[in-house]
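Hi there,

Here is the structure I promised to pass on. Please have a look, and my notes follow below.

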Amino acid sequence: MVWESVIGLEVHVSLSTASKLFSGTASNFGADPNTQANVFDLAMPGTLPVLNEEALKMAVKFGLAIGAQIGKHSVFDRKNYFYPDLPKGYQVTQLDFPTVGKGSISITLEDGSEKVIGITRAHIEENAGKSLHDEFSNESGIDLNRAGEPLLEIVSEPEITSAKEAVAYLKKLHSIVRYLDISDAIMAQGSMRCDVNVSIRKQGENKLGTRTEIKNINSFRFVEKAINSETERQQEIIEDGGSITQETRRYDSTKDITTSMRSKEIANDYRYFPEPDLLPVKIDESYIKSIEQELPELPDIKKDRFMTEYQLSTYDSGVLTSSLEIADYYEIVVKHCQDSKLAANWVTGNLLAMLNQLELDLASSPVRAEDLGCLISRIKDKTISGKIAKTVFDTLINSNLSVDEVIEQKGLKQVTDTAAIEELVMQVIDENPDQVIQLREGKEQVLGYLVGQAMKLSQGKANPSQVSQLLKLKIQ
Amino acid sequence: MLEKTVAELSKALRSQEVSSVELTQAYLEKIAAVNERLNTYITTCDELALKQASKADQLIADGNQNPLLGIPIAHKDIFCTKNIKTTCGSKMLENFVSPYDATIVSKLNKAGAVTLGKTNMDEFAMGSSNETSYFGSVKNPWDTSKVPGGSSGGSAAAVAADLCAIATGTDTGGSIRQPASFCGVTGLKPSYGRVSRWGMIAFASSLDQAGPISKSAEDAAILMNVIAGPDNLDSTSSRTPVVDYTLNLNDSLYGLKIGVPKQHFTEGLSADVEESIRLSLKEFEKLGASITQVDLPNNHLSVPAYYVVAPAEASANLSRYDGVRYGFRCDNPIDLEDMYMRTRSEGFGSEVKRRIMIGTYALSAGYYDAYYQKAQKIRRLIKNDFDAAFETVDVIVGPTSPHTAFSLGATTDPVKMYLEDIYTIAVNLAGLPGISIPTGFGGNLPIGMQIIGKEFAEAKLLNVAHQYQQVTEWHKSKPSENFGE
C-alpha cells in the first residue's frame, strides 16, 4: 500500500514589538519572572486593552510579503478558557476577521523544483504566560512576562505532503519573517513555535484521513522527525485494521515518538465572541500602500537578482538568500573582492561548513565578510594560491589578525619570482627522470604530478600556473 | 449646609462662608451617625478626605476657581481607587486595594474633589435593588423599608440623604437612572464612550457607562465637565469633542419637540407614576415645548436582548476572578480545579452566578447564533427605532421606572426584577444618553422622569432637565430626618 501524508502547519511567531499587544509593558526574553507585567497584564479589575499599532503593521507587512488579502476590517475576539497563566480567563485573538487572509509562499523541493504552499490566514493574538512547575514543591508558579506578547499565527493549507516539505515550508516562513524583521523567530526560545496537523491517506484518494495535531514543536529537526514518526504510527494502526483518533499529541524527542495529550472530543468550548473592549480595526488602501513601500527585498526576489546580477546558479542563489544574514554577508564579500562566483564558492562552501562545525550563527562568525572579501582578493591578485587561502582562512578563525597580516607573518606569500621558480622546476626535473621521460612521450597527466612536487617543495607558495608553464617549457 | 447643591457649595467655599475641611467633617459626622441605618457606604476614608479638604482650602485661598475644588464626593465602589478598598459589592474583592486610580477618579482628584468614601452597590453592578450586595442592601432614605434601586443604590441614597454633595455611578441597564428615580435625585447616564471606562470594573463592556448622581441637573453638568472626554487608556472612549455642559443650561425650551413613546405608557405602569409624568409634560408645554407621540416598536425586545448581551460579556469579564492573582481564594484548595470551583462558588453571590451561567450558555457552541447573534440584531433594531424617532423629536420623555421604590425583599423572582429596567435598558443597548430627574411623589416615595437624547446630546438633556428644575421644586424635596421610620 502506498500512503500519502497530508500535513498542515500552524506556526506562531512572536512579533518583535517594543511593547506587548495591548499594554505598554516591554516584552524582552529572559527577564526575571513577573518584572514585565503591568496592571493590564495581571488582569487587574477595570483595566482595558489598547491595540499596539506596531503589531498590526507587522501583521500587514507579513500579509503583503505572502501576497495575501489584507483584512480592511479585522475584529478581535475573546477565546474563553480557564488556566492560571491566562490572567483574564480569555485570550484575545481574531476568529472570523483576521488581519491577513489567503496568501501563499513558494518552497524549493529536493529535486530543485518549486512548490507553492497556500496560507489560509494569519491572525494576531496575545500570548499566555508561563507556568513554573519545577521551582516550587507542591505548588506552581506563574510568570506573566510573556502574557500579552503579540503573536502572529500563520495557518497553512493542508498542502504539504512530506516531513521534508514541512521543514522547507517552515524554513521559508522563518526566512520571510526574518527578512521583514518582524520577529526573532528563534525556535529554541519559543519566538517561533509550530503545531503540526498530520493525516494519511491512500495515494490518489481525495478524502482526507482523520488527523492528529502535534503541539509545540521547537526545532526544524524535531518537526521532521515528529512528522515521520507520526505518519509511521498512523500507517501501522491503519494497516493493522485500526482507526486514527482525532486528538492532540506531543512529540517526545528522546524516544522519537508522539504521545497522546488529550482527545478532541472533550475539547473546550471556547465560547468565542467579539472583544467588546476593542473597536474593529479599520485600515484603508493608503495605509496598506505605505506599508508596501516599506517592504524590503524579499527572498524570492533577491534570489532572482542574485542569479542575474551575480551570474550564480539557482542552487547557490537559493542557499545565499535563504537568510537575510547570509545574503548580506555575501554581498559584502562581493563588494570587497569583485568576484561573485569565487565569493559564492567561499560562502556556501568553507564559511558555512566552518559555522556548521563550530555551531555558530553568521552574526557570530569569527571571519568577517570584509576579511573573506580581502582573502579572495589576494587569490585574485595572485598574492596567494587558493590552497594557501584555505590555510589563511583557518588561521583567521582563531586570530584577530587581518588577512594581510596572516599572510605576512606566516610567510605565505606566493612565489612569483621567475628565478626562484626556475630553481624549483630544475630540482623537480632532476629528481623525477622517469616522469620527465613519460611526459616527453606525451603522457600529459604526469604534468600535474610534477607541478604537485614543485608545490610541495615550495610549501605551497609557488604560483602553480607559473610552475606548470615553466615545466612544459623546460621539458619539451 | 449639607443639603446644598455643588453649585451652591462652591460659592459658599469661595466666599469663605464654610471651609472644605468643615464641610467634609460635617459630612463624615453625618455618615458616621446614619450609615448603620442606610448602609450607603462600604468604605469611608476620613483621614484621606480631610487631607484632600485641607489642600483644597489652600488652593481656594490661592484663588483657584475649579467648581469642584473642595466638594465632598462619593464614588461608587466599582471605580478603582488607589489606597482605598474597591470591593464592587462582592466578597470576591472584599479586601481588594487597587494599585491604580480609575480615570474618572484621577480626573476628579485633579479637579480637587474630596473623596468621602466608596458607596454600596449590587454585586458587580448586577441588580436593580441593591439587594445583591455582599455588604447588605442599602435602605431608601425616604423609607428604610424600601429599596434604593440599583445598582448605584448607595450613591443615589447618599446624595438623597445628604451624605455627600454629589456621587459617581455607573449604568449598564439603568443603574444610575433607576436608583436616582427611587431616591428622588438627578442621575445622568451619558452616551456610550463619553466617559472613560478605565478603572471602572467591567460588568458588560459594550453597555457600561459612568455618570453623575446629583442634587440638580446643573450639578450633573459641573461633574460632566470634569469626567467626560476621550481617554487613551479606553479604546472605546469617543473622540467626539466634549462641550461645556453648563453653557446651555439656560437655553429656552421654546420650540423643543418632545416625543413620548407609547410603549412607555402601557400595562404595568402604575397610575401615580403615569399621572406625575403627564403633569410634567404639561410643565414642558408651559415652557414652550410641543409634545408628540413616538413609536419604539421593538422596546419589548430590549429586556430579553439585554439579558443575553450583558450576561454574555459579563461571563467573560468575570473570568479573571479565579483566586490566582488577587481577591478571594478558597481555603486549602486540593488542586487547580478545586481552587477555581470553590473560589468562584464561595466568592460570588447567587445573582452573579446566575448571570455567568446565562452568559456562558448564550455563548456556547450551537447556541451562539440563536442567542448572542440574535440579540445583537435586536440591538440594531432598537437603535433604528430611536434614530427614526429622533428624526421628528429632539428628546424623548417618559417614566424612568414603572413604579416607585418597592419593599426590601419583595421581589424574589429574577425575571420580575429584570423587568424593573423596562424603560431604561433600550437606552444602553442604543448607546444613548438618558437622565432621570424627580417629578413628584407616589405616597412619600419619589417618582422619576427619564429624558432620552440623541448620541452625545448630554448638553441638551441637561438643558431640558435644568429648565424643568427652574420651574419645579421636586428635586429640592428632602427625606425626613428619621428616613420615614
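**What I found**

Chain A has 15 helices and 15 strands (DSSP runs numbered from the N terminus, with helices being H or I of at least four residues and strands E of at least two). This is a predicted model, where local features need pLDDT of at least 70, side-chain atom pairs count only at pLDDT 80 or more, and totals for chains, interfaces and linings use all residues. Residues are numbered from 1 along each chain as its sequence is written, chains are lettered from A and ligands numbered from 1 in the order in which they are written, and side-chain values use heavy atoms, leaving out hydrogens and water.

On overall shape, the C-alpha trace of chain A spans about 95 × 55 × 55 Å along its principal axes. Of the 476 residues in chain A, 51% are buried (under 20% relative accessible area; exposed is over 50% and partly exposed in between, with a 1.4 Å probe and protein chains only).

One residue to look at is Glu114(A), which lies in strand β6 (residues 114-126). Glu114(A) counts as partly exposed because its relative accessibility is 45%. Beyond its neighbours within four places in sequence, Glu114(A) is in contact (heavy atoms within 4.5 Å) with Ser106(A), Ile107(A), Thr108(A) and Lys303(A).

The side chain of Glu114(A) makes a polar contact of 2.6 Å with that of Ser106(A) and one of 3.4 Å with that of Lys303(A). A polar contact is a pair of N or O atoms within 3.5 Å; within protein, one must be able to donate a hydrogen and the other to accept it, and residues adjacent in sequence count only if both atoms are side-chain atoms.

Best wishes
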